[in-house]
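Welcome, and thanks for taking a look at this one with me. Below are some numbered notes to read alongside the picture.

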Amino acid sequence: MDENKNIEEETTPVEVEQTEEANEQTSNQSQTTTEQMELTPIAKHRMEKQKLIDEKDTKAKEDRKKVEEEAEAYKKSVIEEREHKLSINQQKNREEEEKLYETNETKSDNPWEDVTKYIDFKFAETQRSNDTTRFKKLLIRLKNEKL
């Protein structure tokens, strides 16, 4: 601070006026260049275009955020629905398994006879056919393959 006082004491009023005038001239020059830039049609167009781009950018960010929130809500609802269905199916399977164990009594000495009562042989007989084309194709292919 002592140095600033010394400098102020050493400067004369004429020098202070000159520095003030120089500062005013430089500020006036910068204002005129700024005004000239603002007045040019290209600069105006660029500023308007930049403003438009910024507005579109903020709108796009808002839209993206909205879509992400909707997607997150949908994802949560799908997960909740899946868990609900899964719990219902698990409960139903447990109940069916309990019924099966309750009704499952071995009536014969041979356990395979008990197993065969769960197999639908009528369905298996209806699925059989005399069509052997698939079997023939397999044999021909295996014959032609070299081991």
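1. How many residues apart are K61 and D57 in helix α3? They are four residues apart, so about one helical turn separates K61 from D57. Helices here are DSSP runs of H or I with at least four residues, strands are runs of E with at least two, and both are numbered from the N terminus.

2. A word on the source before going further. This is a predicted model, in which local features need pLDDT of at least 70 and side-chain atom pairs count only at pLDDT 80 or more, while totals for chains, interfaces and linings use all residues. Residues are numbered from 1 along each chain as its sequence is written, and side-chain values use heavy atoms, with hydrogens and water left out.

3. Now the overall plan. The chain has six helices and zero strands, so its elements read α-α-α-α-α-α from the N terminus on. Of the 147 residues in the chain, 1% are buried, where buried means under 20% relative accessible area, exposed means over 50%, and partly exposed lies in between (1.4 Å probe, protein chains only). Accessible areas come from the Shrake-Rupley method with a 1.4 Å probe, and for residues only the protein chains shown count as cover.

4. Back to the charged pairs. Side chains of opposite charge can pair when their charged atoms come close. A salt bridge here is a side-chain nitrogen of Lys or Arg within 4 Å of a carboxyl oxygen of Asp or Glu, and the count by this rule is three. K61 and D57 make one of them, with their closest N and O atoms 3.8 Å apart. K61 is exposed at a relative accessible area of 57%, whereas D57 is partly exposed at 39%.

5. Another salt bridge joins E68 to R64, at 3.3 Å from N to O. Both residues lie in helix α3, four residues apart, or about one turn of the helix. R64 counts as exposed, with 58% relative accessibility, while E68 is partly exposed at 43%.

6. E81 and K85 also form a salt bridge, and their closest N and O atoms are 3.4 Å apart. Because E81 and K85 are four residues apart in helix α3, about one helical turn lies between them. E81 is partly exposed at 45% relative accessibility, and K85 is partly exposed at 48%.

7. Please look next at E95, E96, E97, E98 and E102, which gather in a patch of negative charge on the surface. Patches are made of residues with over 30% relative accessible area and no salt bridge, joining like charges within 9 Å and nonpolar side chains (Val, Leu, Ile, Met, Phe, Trp, Tyr) within 5 Å. Lys and Arg count as positive and Asp and Glu as negative, with His and the chain ends not counted; a charge is placed at NZ of Lys, CZ of Arg, CG of Asp or CD of Glu. E96 sits in helix α3 (residues 41–103) and is partly exposed, with a relative accessible area of 47%.

8. Finally, is helix α6 largely in the open or buried? Zero of its twelve residues are buried, so α6 lies largely in the open. Helix α6 covers residues 133–144, and its end C-alpha atoms are 17 Å apart, which agrees with the 16 Å that its twelve residues should span at 1.5 Å a residue. That expected span is 1.5 Å times one less than the number of residues. F135, L138, L139 and L142 form a nonpolar surface patch, with about 370 Å² of accessible area together. L142 is found in helix α6 and counts as partly exposed at 46% relative accessibility.
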